[in-house]
Each structure stands twice: as structure tokens, then as C-alpha cells.
Amino acid sequence: MVENRHWFFRLLPHVVLSIGVFIVAFPVYVAFVGSTLDAATIANGQMTLIPGGHFFENYYRTLFVGTAKTTRQPVVSMMFNSFVMAMTIAIGKIMISIISAYAVVYYRFPFRMAAFWLIFVTLMLPVEVRIYPTYKIVADLGLLDTYAGLAVPLIASATGTLLFRQFFMTIPDELMEASQIDGAGPVRFFIDTVLPLSITTIAALFVIQFIYGWNQYLWPLLITTRDNMQTIVIGIKKMIVTQDALTEWQLAMTTAMLAMLPPVAVVILMQKLFVRGLVETEK
Amino acid sequence: MAGVTLKAVRKTYQGGVDAVKGVSFDVPDGAFCVLVGPSGCGKSTLLRMVAGLERITSGDIAIGQRVVNEIEPADRDIAMVFQNYALYPHMNVYDNIAYGLKNRKTPKDEIDRRVRDAAKILAIEPLLDRKPRQLSGGQRQRVAMGRAIVRKPQVFLFDEPLSNLDAKLRVQMRVEIKKLQKTFGVTAIYVTHDQVEAMTMSDILVVMNAGEVEQIGTPTEIYRHPATRFVATFIGSPPMNLVPGTMQADGSVKVGAAHFHLPPHDFLPGRSVELGLRPEDIVIGGADNAFDMKIEFIEELGATQLVYGLLGGAQLIVQVPSGSIGNAGGTLSLGIAADRLHVFDPATGRRAV
């Protein structure tokens, strides 16, 4: 049916998709070109669309030396900070939300639904809304400039709880009953049955939350003051806005390229799990 | 080995819905008991209460001599086969069968021996490494059976285990389940809404309706002497014909122009009754209780024919051997033996004769 359509209608989706890809990919390409030029070429406005010859020099300097005037720190340590924060947020969110969703779905306790709706309501309270009280608490606990301060306040997640709850509700009750008869208590059922079945959902949530954590800007900006605690997103910002020095655009572009890599890697690695989960419907 | 005893078992859900309204019966050790009834009659709830998956509102359930009301499902020494099999999708067949034993801390070599024994009995040895999704419906059914027999429980519980299979496989599995149960000599309680399964598999048949037991007995007893109008119409296919009639002074029942003579009884003349005639008990040209019926419609079933007509204003179905009647329109002379007649009280629905 699809094959028999007029050539124009077969071409049209490709044209639309190509335009979309171009809009998304072109700025990335420009950033990549910028990361291979020297400072003077960009500053003179002579930037071309052909990569220059300073690739290794720029990446080496960015990663291991850093910009002396602005961030005063090599990007590799910023990446480490960002990585620790993103991983802690992603893993912490998954652990907390899978356990709370398990409680809400499989246990009958008073005010169960009230607890669920309370979690749900926090969807309306992202960090930006509760930023002052959250900052106050973190400061009072002495967690400024620490990894805990960076990650813990962002761990509580209604999204994750909601996602796991929806998934758990699709697991047939008979599986729980069969486990009960097979002598598996609630903990065994969680570890032996629910967790293995949730792998795909966990992978999906991990991707979303890792990127969410990696891209955090406002919260790290407030909570970190020391150079050795800054994250890569803050680093890019600092490199661009300079007061008494020339912006080293080639380094800012290199940092931007580097900042993109871990989220891309996470998506590519986790995609395998997604596809496996989609192909093998294990229900 | 142990039997199962239910005493005034009642289940009331929150909101006051009575799913099971005081059910008592005994399943002797080693017997195959089938609970049959229309959907929503409480048969599954009752089974789940025996399994321990539902709490009992009041009454007692005992397995062997032990009252199990407050005992966890895992400690009741039962095994259950679910309608959708409830196999663990992420475990292979071996692990599915072994899971219950593992949780009971059975030694590894004993688990292995018992799983392989069970697989051998069920002819699923080549499948042990497969995941449930790679199995056909019948194979899944066998794995579910394997999970039950490997534990060597006191009681097997079956919750409509064959309803997801196609008709041919259902007949085959029906025989196999019954054979397995006899081989192991384990008490079984089997829930179904399929009356063929109920008749063929049971040693004891429990017919339920609206949360209550209508009748308990052997399949033959229930078929031959249904205690209520409900049982009469529920068991048997095509269902028993029920026609309205009036008791006469001579002890017969008058339906339209026909008179049906009953075995001796003490039912009062003048009362209206419902007369039950099984389609297969009515014979063409029968001498006893002869009556005429106008043929309205014929259904051909291959081995038999179903002839539709009217008797006393109510529809009557007669089952006769195939080829007995050529076409609709004529009149048929029929008869039925007196001991094959059933009389019910229309007010209570209970059997009168």
C-alpha cells in the first residue's frame, strides 16, 4: 500500500526529515568545527565550515590544562564532577522511586493513596520553585560544595515513582500469587520477579535522569563556589562570559563537544536494552 | 496426603458484597473435586480462600486435620495452577519449576532430581532451557503443572487451567491432568465453568450459584437427580427442557394437551410445577408418556440432530440420532420414561419429584 504511492509522496517524508536533521545537526557541526580552529580564526570572524588543524591541541588543552583565566580547572575534573552528580541523581532516583512504587502498588497500608498523591503533587514543586528553602537546608547541613549537596536534593522523584507504578500495575497479580504459593515473601518477590521484569523501565528512567542530572545548571551554580567542584555546564558558561580576557571560543566549543559525549554514550548504550525490551515482551 | 474440609466458609468483601455465603463440604483424601458454576458464582473466590490468597470472613478451612485459616499460602502445602499459568516470564522452564523448592531451601541435587523427574513425567525435558514466551499454550500448561507436582503438595488447586487452550488441546490436557492426579493420589480442587470438564474430571462435583452450593454429588447423581432447577439447566448440553405444567388428581402432570405420569410422589394436585425433560431422554415413538410435537426447526450436529418444537407453549428440544428426521414441518410422536422425568417447584426452584 505504502509502496504504490506517487514518488512525490514517498520523497516528502525524506525531505521533511532531512530538514529536521539539518536544523538539529548543523549547530553541532559548527561547534565541532569551532573546536578544531585556533583562537585567532574564530575571533577574526573568519570561521569556515571546514574543520581546522588544531583538533588534538584544543582537546588536550581543554581536558588536561583548562582555561587559566576563567574556570582555572581542567575540563576532565569538571566532567568527573558532572558524572558523579548525574550518576548519583539517576541511581538515587531509581532506587527511591522503585521502592516507593513497590510500596504503593503491593502493600495495603492506611493512607496508601494519600501517600501516592503526596508524591504526585511534588511534580509541581521542581527545584526552581523550592530553591530557597532547599538551599537553606543544604547550607544548614553543611553540604555546600559537596557531592551530596549537589545530588541529594534532586533525588526525590515523582516521575520515577509514577513510571514504576504504571509498570507494576501491568504485572499480572497471578505472578505475585504464584510467588506467594512458591514461598517467596515480599522481598524475594521484589528481587526475584519485579526487579528482573523492570530492567527496561529502569533503563529508560536511567537515561532520562542521567541527562537531567548532567544538564543541571541553576542548582550547581548556587551550591558550588569552589573551582574544583564546578560542573561542566557551569564551566562552559564561565568560559564564555569573561570580564578581562578574550573568550577562548575554541576551548568553549571543545568543552561543549565534550559535554555532549556522556549523555550520547548513555543513550547509545541503553538503546540496546530498550530495543531488547521492545522485542522480547516479557509479560 | 490429606483431604480438605470447608465449614460454613463465608466471604464478604468490603462494601458488603457476599461472594461466598456459607459453604460447607468435604473433599476426601485423594478425590478430584470440581467446583462448577457460572461466572461470578464465587467458585474462584472459594478456591483462592483454600489457597490462602483471600482471607476468610468467617468459617473454617482445614487441610487434613489442620485448620489453615491463618496460615500463609506457602505453608499450607498446596500447589496452584492459574488460568494464565502465571509462569515467571524472565526465568527459564527449569527455574520456573525449581523456584518453589529453592525458596524452601531444598538441597540443590534434590531440586535437580525432582525437577527432572517432573519434566520427564510431563514430557517437557527438551524445553527446560526455554523461556515461557518461547512455549506454546499447551507447553506452558505443562510447565505450570510441573511447578505444581514438583513440590509434592497435599492438595492441587486448579483455577480454570484449560480455558486458554484451544478445544482439541483442552480435551487432551483434561485427560492428562486427571491421570496425573490419579497417579499421585493427591487431593485436587478444580474450578471451571465448563460443564464437560466438570462432568468428566470430577469424583465429586460441587455446583455453585450466587455464592451458595446448589448441589454436591457424583457427576452421575447430579446429572440424573439435579436438586434444583439451576443444576438441571446448568449441567447437560443441550440444557434440560423446562415446561410449565399442572399437577392432576391422578398424580400426573398436565402440560398442554399431554399428560406425564410420574413415579409415586406426594405432591399436591392442582399446583403448578415445572417439568424437566432432558433432550436426550426423549425418544421417537416412545410408548411411555407419549405426546406429539410439531417440528419447527432442526439443527444437524453430525452424530445427532436437535429438533426444536413447542410443548405446552414452551420451547422443547429433542436430541435424536442423526438421520431420524428429514425436514421440519411435520409432527413427531415422542415419549419419555417416567423415571427420566424431573419435577421442580416453580416458587423455590427445588426438586419436587
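Visitor: At what angle do helix 4 of chain A and helix 8 of chain A pack, and how far apart are their axes?

Guide: Two packed helices are described by the angle between their axes and the distance between the axes. In this predicted model, helix 4 (residues 75–106) of chain A and helix 8 (residues 158–170) of chain A pack at an angle of about 45 degrees, their axes being 8 Å apart. That makes helix 4 of chain A oblique to helix 8 of chain A (angles under 35 degrees count as roughly parallel, over 145 as roughly antiparallel, 65 to 115 as roughly perpendicular and the rest as oblique). Axes are lines fitted to C-alpha atoms, for helices over the stretch in contact, and angles run from 0 to 180 degrees between N-to-C directions. Helices (H or I, at least four residues) and strands (E, at least two) are DSSP runs, numbered from the N terminus.

Visitor: Which residues of helix 4 of chain A and helix 8 of chain A meet?

Guide: Two residues are in contact if their C-beta atoms, placed from the backbone, lie within 7 Å. Helix 4 of chain A contributes residues including Lys93(A), Ile94(A) and Ser97(A), which meet residues of helix 8 of chain A, among them Gly160(A), Phe164(A) and Arg165(A). By class, this contact of helix 4 of chain A with helix 8 of chain A has 9 nonpolar, 4 polar and 2 charged residues (Ala, Val, Leu, Ile, Met, Phe, Trp, Tyr, Cys and Pro count as nonpolar, Asp, Glu, Lys and Arg as charged, and the others, Gly among them, as polar).

Visitor: At what angle do the axes of helix 4 of chain A and helix 11 of chain A cross?

Guide: The axes of helix 4 of chain A and helix 11 (residues 199–214) of chain A cross at roughly 140 degrees and come within 8 Å. That makes helix 4 of chain A oblique to helix 11 of chain A. Lys93(A) and Ile94(A) are among the residues of helix 4 of chain A in this contact, which by class has 11 nonpolar, 3 polar and 1 charged residues.

Visitor: How many helices and strands does chain A have?

Guide: Chain A has 14 helices and 0 strands, and its C-alpha trace spans about 75 × 70 × 30 Å along the principal axes.

Visitor: How should I read the numbering and the confidence limits?

Guide: Residues are numbered from 1 along each chain as its sequence is written, while chains are lettered from A and ligands numbered from 1 in the order in which they are written. Local features need pLDDT of at least 70, side-chain atom pairs count only at pLDDT 80 or more, and totals for chains, interfaces and linings use all residues.
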